[in-house]
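Hello,

Here is the structure I promised to pass on to you. Please open it beside this message and follow along as you read.

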Amino acid sequence: MSHRTIHLFRKGLRLHDNPTLLGALASSSALFPVYVLDRTFLEGVMGLGPPRWRFILQSLEDLDARLRALGSRLYILRGSTAAVLRDLVTRWGVTQISYDTEVEPYYTCMEQEIQALAQERGLQTYTRVSHTLYDVRRIVKANGGSPPLTYKKFLHVLSVLGEPEEPVQDVNAEDFLRCSPPAEPDLEQTYSVPSLADLGLELETEVLWPGGETHALQRLHKHFQSQGWVSNVSKARTVPNSLLPSTTGLSPYLSLGCLSVRTFYHRLSSVCAQAKNHSLPPVSLQGQVLWREFFYTVASATPNFTKMQGNPICLQIDWYHNPEALEKWRTAQTGFPWIDAIMTQLREEGWIHHLARHAVACFLTRGDLWISWEEGMKVFEELLLDADYSVNAGNWMWLSASAFFHKYTRIFCPVRFGRRTDPQGQYVRKYLQVLKNFPSQYIYEPWKAPEDVQLSAGCIIGKDYPHPMVCHTEASQRNLGLMRQVRTEQQNTAELTRDVADDPMEAELKRELQEEELLERVGQHSTSKPFSSDVDHKSRPCSWTPETLQLSGEVM
């Protein structure tokens, strides 16, 4: 049957490895690529902020240009998806709607509305899985109807299912030969991609991560030119405070679907197959992609995955309600330069290294402030270019030790973590200009600098830059006791997401880092040094999804 089809883009903003679009084109005499810009939905349900908006608009411009090169174009319409589709079905004589299958509950509700419209109007629907390696419903079914709640169990299920499907062929001009656009006047004005100004948004920060499939494929190609780096990269050895990303930086493109995760995965498999020696999951790039798949699978079948209450796998913790402390963390005013530099980079660039995400997440939750992971998740939703429903929530539960992660005694020191990999503090100097003239010995603890040093640096602590908002040693000890009590009282919930053997990431790190216990020695706390900490809560990175993912989800 030859259909007049609306292909609804949501994620999956690409023409390579797009099985839904390819299948819809094969069954259609006319196909209209549509993106519904539903601002209420995107800002309300998904928490989009200006950086993500800019990335999406750039990705839509790129998609439109690539479609035009094939004899088609992208139609941008504003309003609710259901209302827009209802209007277009009548206006364009549509007989079929195609869209990628997604796992998020808000997309599930949207798909139910599309199915209801299709039934009402006698339309066909066509949908395929495109944003994940597997159809996560197959994984849940293979696990007996419930999601595997540990990474090891997850990998066992995948070993039964076999390798993910290969990418499909790219869409080309021949696929669009039959699919002429509608004859409507003023197409450019009616369906063009809006600017940030059109949406009433302003963003003056530099564009370091241009949106779109073109940039995604260029970045992918650049990294795969160095096959040795690809095959030997280990997430645990990347540097969180390098001035340039020490990972692939592909996470924004994967999260929005500008880059196919199957394309990425199978390119990795090809490189590793040719390498005599290569890093292994979970710290390899392939392992990181599978972490992304793990969180997608668990999120797809766990009620209230992005909330604490009503979430059956999440510890129920009486977090502090402290709006003032939350705002200091959010606006980079904690008084800890390493933490504040990270939060400044996040706001200015929309991306931070996964270990940097660990540091600020631990500080906000179980490490220092004892504020709910939900609050941090919302900030990342707003600011991260790679924000992702499943990976963001999963990682925040992980870093707050609310689920998945059980080495909760390991707490990241907000001083020593950054100093270990950047002793001169170049990262801090770049993102906290107020501290750029401090000597290296004080750059991570400027409050310890003598008055004459502060005067010489042009920054008086307590006036030009805040004192630390907490004593890390005291706060981390107190919070460790609170977490121990919670986990004792809710042991059954804690065990749901715990592997019976050592965590695979921990096993890898034991080969790379000297074993050390958190709080190995409590530093001597002195009233004369109220903010000092001699406790080395070093950065033994916990198992975390990649930057391809996110705390929201960085993939490497």
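Phe9 has Tyr35 of strand 2 as its bridge partner. Strands, like helices, are DSSP runs numbered from the N terminus: a strand is E with at least two residues, and a helix is H or I with at least four. Strand 1 (residues 3–9) and strand 2 (residues 28–37) run parallel to each other and pair over seven bridges; two strands count as paired if DSSP finds at least two bridges between them. As background, strands of a sheet pair through backbone hydrogen bonds, in a parallel or an antiparallel way.

Before we go further, please keep in mind that this is a predicted model: local features need pLDDT of at least 70 and side-chain atom pairs count only at pLDDT 80 or more, while totals for chains, interfaces and linings use all residues. Residues are numbered from 1 along each chain as its sequence is written, and side-chain values use heavy atoms, with hydrogens and water left out.

**The sheet and its helices**

In what order do the five strands of the open sheet lie? The order is 3-2-1-4-5, and the pairing is parallel. Strand 3 (75–78) and strand 5 (124–129) are at the edges with a single partner strand each, so one side of each has no neighbour in the sheet. From one strand to the next, the twist averages 30°. (Axes are lines fitted to C-alpha atoms, for helices over the stretch in contact, and angles between N-to-C directions run from 0 to 180 degrees.)

Helix 1 (residues 19–26) lies across strand 1, strand 2, strand 4 (96–101) and strand 5, and runs at about 145° to strand 5. Helix 5 (residues 105–121) also packs on the sheet: it touches strand 1, strand 4 and strand 5, and its direction makes about 160° with that of strand 4. Contact here means heavy atoms within 4.5 Å.

**Salt bridges**

How many salt bridges does the structure hold? There are 19, where a salt bridge is a side-chain nitrogen of Lys or Arg within 4 Å of a carboxyl oxygen of Asp or Glu. In general, side chains of opposite charge can pair when their charged atoms come close.

One of them joins Arg39 to Glu43, with the closest N and O atoms 2.8 Å apart. Both residues belong to helix 2 (residues 39–44), and they are four residues apart, about one turn of the helix. Arg39 is partly exposed at 29% relative accessibility, and Glu43 is partly exposed at 31%. For these words, buried means under 20% relative accessible area, exposed means over 50%, and partly exposed is in between (1.4 Å probe, protein chains only).

Arg66 and Glu213 form another salt bridge, again with 2.8 Å between the closest N and O atoms. Arg66 sits in helix 3 (residues 50–68) and Glu213 in helix 9 (residues 213–224), so this pair ties together parts that are 147 residues apart in sequence.

Glu120 is in helix 5 and Arg86 in helix 4 (residues 81–92), so to speak distant parts of the chain, 34 residues apart. Glu120 is exposed at 51%, and Arg86 is partly exposed at 35%.

**The interior**

Which residues have the most contacts inside the largest nonpolar core? They are Val34, Tyr35, Phe305, Trp329 and Phe404, in a core of 167 residues. A nonpolar core is a set of buried Ala, Val, Leu, Ile, Met, Phe, Trp, Tyr and Cys residues joined through side-chain atoms within 4.5 Å. Leaving out residues up to four places away in sequence, Phe404 touches several residues, including Leu149, Phe294, Trp398 and Thr497.

Helix 17 (residues 373–383) is mostly covered, with eight of its 11 residues buried. Among them are Trp373, Glu374, Phe380 and Leu383. The elements that cover its buried residues include helix 3, helix 14 (323–330) and helix 16 (354–367).

**Two last stops**

Val453 is in helix 21 (residues 451–457) and is buried at 19% relative accessibility. Its C-alpha atom is separated by 7.5 Å from that of Phe438, 15 residues away along the chain. Apart from neighbours within four places in sequence, Val453 is in contact with Pro439 and Tyr442.

Finally, the structure holds zero disulfides, a disulfide being a pair of cysteine sulfur atoms within 2.5 Å. Cys258 is buried at 0% relative accessible area, and Cys362 is buried at 0% as well.

Best wishes
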